[in-house]
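Student: I have a model open and would like to learn how to read its features. Could you walk me through a few of them?

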Amino acid sequence: MYTTLLNIAIFQGIVLGLLILKSSLFNSNSNKYLAYLLFTLSILFLNYVFELEDAYTTYPFLRFFDDVEWALLLPVFMFLFIINRIDDTVKNKQKIYLCFIPFAFSAVLHIINDLDSIAGIYTIPESAFFLIQILGLIHFILVVTFIPFLLIYSCFMIRHLKDSQEKKWVITISTLVSFLLFSWLITALTGILLNYDISSPMRAVALFGTFIIHWTAYMGIYKYKLAKNKDAISNFLNNDLTISYNGLQIEENSTPEEYRESITADNLYFQKLELLCKEEHIYTDSTLNREKVAERLGISAGYVSQIVNTITGDNFANYINNYRVEAVKEMISNSEYENYNLLAMGLESGFTSKTTFYKAFKKVTGQTPNEYKNTSK
């Protein structure tokens, strides 16, 4: 029964990871690391199942797979999951490649040992035993220091998240993964230092790990925490993967433009943004920002800035203000708005104050609103 639960979790972790990676609905730079985290958990459970079933006796070469310290990747993928959800200015300061050094060191060290003890390809000379022991001690120190450090550092990164709902989701999953890793670490240290039989506590730790996979599947898919666009999720669950906007077809199951190298004017997300401005007049929302637009488009806020900057040569704020200015110009030329004062027109178009309205209008037209109104008569 216990092994069956582990096998179900392994299967669910792999399927959920593939869904996150392959579906344009859930795929993002951040979520792909969550998928890798689920794959790593599945590998750890698979190794544990092999151990319970005594598969290493029958197939000793499986030890190559088991001896690698896969747990060192869990805090790395948790960290990358978090920092890819925060601002680029903070993310770009992180030395991401350093996170993989402990895992790489562990993998190389164990493979060198296993090529001797398991494969018998060569024999490590006695003169090298002391060096191997020193490297083993370094590996031990890395495990007991690197995992807690990166998890704690990841917690500090969460404070850069701006969306409260997103922050709640990230804090919850980060807490679950941290609890799992700390439980595993404490259990393993207890067994090593006190020579204690840890089979029962390790079973409980593994069972909690399966809960994380089940919970991620439930909250991520059924509670829609991995994707913010509820309409897109509804279409996805009903196998309607094409959204039409007045004749423009955008296939949701195509490769997202966020992952293509070139960004051109025919970018599907930019076309969708143009339609939102021209048809739905989203610029009239005075609280409109990159995050809101990103949510409507189903992409990251950073990518919104990237496509706007690349295609228009201007930043997001100026892009939206251009639409607002054009709206004011149309009102000025429309006799129905003849009795409106200019500030009312500006506020109606989405500007938040007289200062920002006049400054943006002058930047776009080269004239103040009053000057433009007088010359357009």
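Student: Is Asp-54 buried, partly exposed or exposed?

Tutor: Start with the ground rules: this is a predicted model, where local features need pLDDT of at least 70, side-chain atom pairs count only at pLDDT 80 or more, and totals for chains, interfaces and linings use all residues. Residues are numbered from 1 along each chain as its sequence is written, and side-chain values use heavy atoms, with hydrogens and water left out. Buried means under 20% relative accessible area, exposed over 50%, and partly exposed in between (1.4 Å probe, protein chains only). Asp-54 has a relative accessible area of 44%, so Asp-54 is partly exposed.

Student: What is the phi of Asp-54, and where does Asp-54 lie?

Tutor: Most residues other than glycine have a negative phi. Asp-54 has a positive phi, near 55°, and sits in the loop between α2 (31–52) and α3 (55–58). Helices here are DSSP runs (H or I, at least four residues), numbered from the N terminus, while strands are E runs of at least two. His-281 is not a glycine either, and has a positive phi of about 55°. His-281 belongs to the loop between α12 and α13 (290–297) and is partly exposed at 36% relative accessible area.

Student: How many aromatic pairs does the structure hold?

Tutor: A pair of aromatic rings is described by the distance of the centres and the angle of the planes. Rings of Phe, Tyr and Trp (its six-membered ring) pair if their centres lie within 6.5 Å; planes under 30 degrees apart count as stacked, over 60 as edge-to-face and the rest as tilted. The structure holds 20 aromatic pairs. One of them joins Phe-65 and Trp-70, with centres 5.4 Å apart and planes at 55°, so this pair is tilted. Tyr-269 and Tyr-303 make an edge-to-face pair, at 6.3 Å between centres and 85° between planes.

Student: Which helices hold Tyr-269 and Tyr-303?

Tutor: Tyr-269 is in α12 (residues 268–278) and Tyr-303 in α14 (residues 301–312), so the pair ties together parts 34 residues apart in sequence. Tyr-269 is buried at 11% relative accessible area, and Tyr-303 is buried at 2%.

Student: Which charged residue lies over the face of Tyr-56?

Tutor: A charge sits over a ring if NZ of Lys or CZ of Arg is within 6 Å of the ring centre and within 35 degrees of the ring normal. Arg-63 lies over the face of Tyr-56, 4.2 Å from the ring centre. Likewise, the charged end of Arg-324 sits over the ring of Phe-351, 5.9 Å from its centre. Phe-351 also belongs to a cluster linked by ring pairs, together with Phe-357, Tyr-358, Phe-361 and Tyr-372.
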